[in-house]
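Dear colleague,

I am handing over the structure we spoke about, and below it you will find my notes on what turned up when I went through it. Please read them with the model open beside you.

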Amino acid sequence: MNTVTRPRILVVGAGFAGVGCVRRLERRLAADEADLTLVTPSSYQLYLPLLPQVASGVLTPQSIALSLRRSRKYRTRIIPGGAIGVDLASKVCVIRTITDEIVNEPYDYIVLAPGSITRTFDIPGLTDNAYGMKTLAEAAYIRDHVISQLDLADASQDPQERAARLQFVVVGGGYAGTETAACLQQLTHNAVKRYPRLDPALIRWHLIDIAPKLMPELGDKLGRDAQEILRRRGIEISLGVSIAKAGPEEVTFTDGRVVPTRTLIWTAGVVASPLIGTLGEKTVRGRLEVTPEMSLPGHDGVFALGDAAAVPDLAKKEEGAVCPPTAQHAMRQGKVVADNVIATLRNRPLRPYGHKDLGLVVDLGGRDAVSKPLGVELRGLPALVVARGYHWSALRTNVAKTRVMTNWLLNAVAGDDFVRTGFQARKPAKLKDFEYSDAYLTPEQLRAHVTGAEGQG
Ligand SMILES: Cc1cc2nc3c(=O)[nH]c(=O)nc-3n(C[C@H](O)[C@H](O)[C@H](O)COP(=O)(O)OP(=O)(O)OC[C@H]3O[C@@H](n4cnc5c(N)ncnc54)[C@H](O)[C@@H]3O)c2cc1C
């Protein structure tokens, strides 16, 4: 009998970082050199930067959900579920499968890439009344929700209800929030033409942020231009303002304004996945503190990257700088982590991660965009071509590229049909329902679970 066991490499999370790592491991390791396993709740990698375009109906949800089983060459075993705790001492990852069974998965090497969840604050009513923009289900839900507000306002005889249903609030002036507000405003702007009973002037979009500027990464001039574009389109921008209170039918801003609305979209930043908290290790603002090689000090064979980890940013001069949570970094880190896992396996030196930011692209819907590739400031059509060209080329598969391009062309030529699918209409729609942020074990529960399982084994 062959008693030689292969090292077990477990990758947690199938996002930019996790998939980048797994594909590289598959390519660079011989099939008999290690067992590869991936834990992920979904069977696709989500191309998050195009999520606002799903919410606005420019793209179909399937076009940005890249299959993890597209090729026969993909040989990694996939466990459909989410990791709810990792016990570093016994090298066991506890997983809740999609059918709610709890299983223990032992590993020799673990790569933690569970990404991030929406960051919330202790604001009364926020988690019960706000929608996020982090998952495919949220984007699809928000699209249906916004169209349903138009439908309900159109049917209502009550002028107050009509006005409330046609006001929308987006919190967060980073690229995610700005793109979301811009793309959804485009959706309502185009849709209202099909509702002859609705007065377009009643539709009001608010974009608010506690910071003094929108998307500070764009710099002063381009940032002002982006604001100007949005203001021209009728989006009311309030800076230095946040939410004091959120209710089902109104939102109170910190400057005292009370806005009657049924739509609060919260995109005010992200925080590392709660999985990181189960490790009981040092963090930097919630992200796992790792070395420039993305390994966890004091724990052989543990790596972390992407939004979940504070990877030192070697391209920046300031001491303690960490890579921002962007797809640009996550996908590149995935490749370097894979090389470092292989180097560890083969007793070779690890290499540090270094990447100079390529800039920012912001698609504001329709023909509006601003971009700053490699420091060059672009607006209008050139910015749009760069933004779409960048995302298009970053999609991993040719099928996804074709779907996205076809959707863009079809939308440009034929527009939208503003159809509500209703699939999620009666499901709970809180932030935690979409992001499963309350599914995790505490470090104590984790220890008790793993030692209990060891005792039984
Ligand atoms: C609306 C929006 C627009 C954005 N636009 C841009 C942009 O233009 N440019 C840019 O560079 N970045 C952009 N970003 C940020 C970028 O998407 C993230 O930085 C990037 O996705 C991080 O990659 P990641 O692999 O760390 O996490 P993710 O891509 O989020 O992947 C994490 C994966 O882990 C899975 N997962 C989560 N928890 C668990 C668990 N417990 N167990 C197992 N699996 C788990 C998730 O389902 C997911 O598949 C945007 C983000 C959003 C939300």
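I begin with Lys 335, which is partly exposed, since 17 other C-beta atoms lie within 10 Å of its own. Please keep in mind throughout that this is a predicted model. Lys 335 has its place in helix 8, and, once its neighbours within four places in sequence are left aside, Lys 335 is in contact with Gly 20 and Arg 24. Lys 335 and Arg 24 are separated by 311 residues in sequence, yet their C-alpha atoms are 6.1 Å apart in space.

Helix 1 (residues 16-28) and helix 8 (residues 327-345) pack with their axes 7 Å apart and at an angle of about 35°, and the crossing of helix 1 past helix 8 is right-handed. From helix 1 the contact draws on Phe 16, Ala 17, Gly 18, Val 19, Gly 20, Cys 21, Arg 24, Leu 25 and Arg 28, while the residues supplied by helix 8 include Ala 327, Ala 330, Met 331, Lys 335, Val 341 and Ile 342. Sorted by class, the contact between helix 1 and helix 8 consists of twelve nonpolar, four polar and three charged residues.

Helix 1 also belongs to a right-handed β-α-β unit, whose other members are strand 1 and strand 2. Strand 1 (residues 8-12) has four of its five residues buried, and is therefore largely enclosed by the rest of the structure. Strand 1 runs parallel to strand 2 (residues 35-40), to which five bridges join it, and Leu 10 stands opposite Thr 37 of strand 2. Strand 1 is likewise parallel to strand 8 (residues 109-112), here with four bridges, and in this pairing Val 11 faces Val 111 of strand 8.

Five strands make up an open sheet with parallel pairing, in the order 10-17-11-12-13. Its edges are strand 10 (130-131) and strand 13 (235-239), each of which has a single partner strand, so that one side of each is left without a neighbour in the sheet. Within this sheet, strand 11 (residues 167-171) and strand 17 (residues 264-266) pair in the parallel sense over three bridges, with Val 171 opposite Trp 266 of strand 17.

The other open sheet holds three strands in the order 14-15-16, and its pairing is antiparallel. Strand 14 (243-246) and strand 16 (258-260) are the edge strands, each pairing on one side only, and neighbouring strands of this sheet are turned by 20° against each other on average, direction ignored. Strand 15 (residues 250-253) pairs with strand 16 through three bridges in the antiparallel sense, and Glu 250 is found opposite Pro 260 of strand 16.

Lys 91, in the loop between strand 5 (77-87) and strand 6 (92-97), has a phi near 55°, a positive value in a residue other than glycine; Lys 91 counts as buried, because 20 C-beta neighbours lie inside 10 Å. Met 215, in the loop between strand 12 (204-209) and helix 7 (220-232), has a phi near 35°, again a positive value in a residue other than glycine, and Met 215 is buried, with 23 other C-beta atoms within 10 Å.

With best regards

Notes:
Residues are numbered from 1 along each chain as its sequence is written. This is a predicted model: local features need pLDDT of at least 70, side-chain atom pairs count only at pLDDT 80 or more; totals for chains, interfaces and linings use all residues. Two strands pair if DSSP finds at least two bridges between them. Helices (H or I, at least four residues) and strands (E, at least two) are DSSP runs, numbered from the N terminus. Axes are lines fitted to C-alpha atoms, for helices over the stretch in contact, and angles run from 0 to 180 degrees between N-to-C directions. A residue is buried if 20 or more other C-beta atoms lie within 10 Å of its own, exposed if 12 or fewer, and partly exposed in between; C-beta atoms are placed from the backbone. A crossover is right-handed if, with the strands pointing away from the viewer, the path from the first strand over the helix to the second runs clockwise. A crossing is left-handed if the near helix is turned anticlockwise from the far one by less than a right angle, and right-handed if clockwise. Two residues are in contact if their C-beta atoms, placed from the backbone, lie within 7 Å. Ala, Val, Leu, Ile, Met, Phe, Trp, Tyr, Cys and Pro count as nonpolar, Asp, Glu, Lys and Arg as charged, and the others, Gly among them, as polar.
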